[in-house]
Amino acid sequence: MAIGTLSEVVLDCPDPVALGDFYAQILGWKVVHEADDWVAINGDDGEIKLAFQLAPDYKPPVWPDAEHPQQFHLDIRVPDLAKGTADVLALGAVKHHHQPGQEDGFIVFLDPVGHPFCLVD
């Protein structure tokens, strides 16, 4: 029996509005809460939210450096990896130089504030 259900995944960042918009565009989700220090987005099912919390002294992870680990990352499944790549790059993502899973259909990117995320076919 579960103790609870997952409600939100929260990412620290220097600009919650901008990062919330970045991920809302990638996922096709909508902003459901917006304040200067907190933005939450979710999809039509409303089951789980992705939120962005203001961290004024935010320092991005340096992956794959164990001294400044990524701590977590998001895997985003896309129907067309080439189109998904072009789309996230156009939104401001950067393709990471380290690509350990590319042969398995994973491409690693950094969002505009340095969080790693993967597009998966």
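In β8, which residue is the bridge partner of R77?

Guide: The bridge partner of R77 in β8 is V120. The model is a predicted one, in which local features need pLDDT of at least 70 and side-chain atom pairs count only at pLDDT 80 or more, while totals for chains, interfaces and linings use all residues. Residues are numbered from 1 along each chain as its sequence is written, and side-chain values use heavy atoms, with hydrogens and water left out.

The pair R77 and V120 belongs to the link between β5 and β8 (residues 116-120), strands that run parallel and are joined by four bridges. Strands here are DSSP E runs of at least two residues, and helices are H or I runs of at least four, numbered from the N terminus; two strands pair if DSSP finds at least two bridges between them.

Contact means heavy atoms within 4.5 Å; axes are lines fitted to C-alpha atoms (for helices, over the stretch in contact), with angles from 0 to 180 degrees between N-to-C directions. Within β5, L74 and I76 form the covered face, whereas D75 and R77 form the uncovered one.

The second largest pocket also involves β5. The space in this pocket is about 170 Å³, and 13 residues line the pocket, with I26, V78, K83, G84 and D87 closest to its centre. α1 (16-27), β5 (74-77) and α2 (81-91) are the elements that give two or more residues to the lining; α2 gives the most, with five. A pocket is an open set of 1 Å grid points, over the protein atoms alone, where a 1.4 Å probe fits, with protein on both sides within 12 Å along at least five of seven lines; lining residues have an atom within 4 Å of a point. Points are joined across faces, edges and corners, and the volume is that filled by probe spheres set on them.

S7 is in the segment before β1 (8-13) and touches E47, I48 and K49, leaving out residues up to four places away in sequence. Although S7 and K49 are 42 residues apart in sequence, their C-alpha atoms are 6.2 Å apart in space. N42, in strand β3 (residues 38-42), contacts I48 and K49 as well as W29, K30 and V32, its neighbours within four places in sequence set aside. N42 is buried, with a relative accessible area of 8%, while S7 is partly exposed at 40%. Buried is under 20%, exposed over 50% and partly exposed in between (1.4 Å probe, protein chains only).
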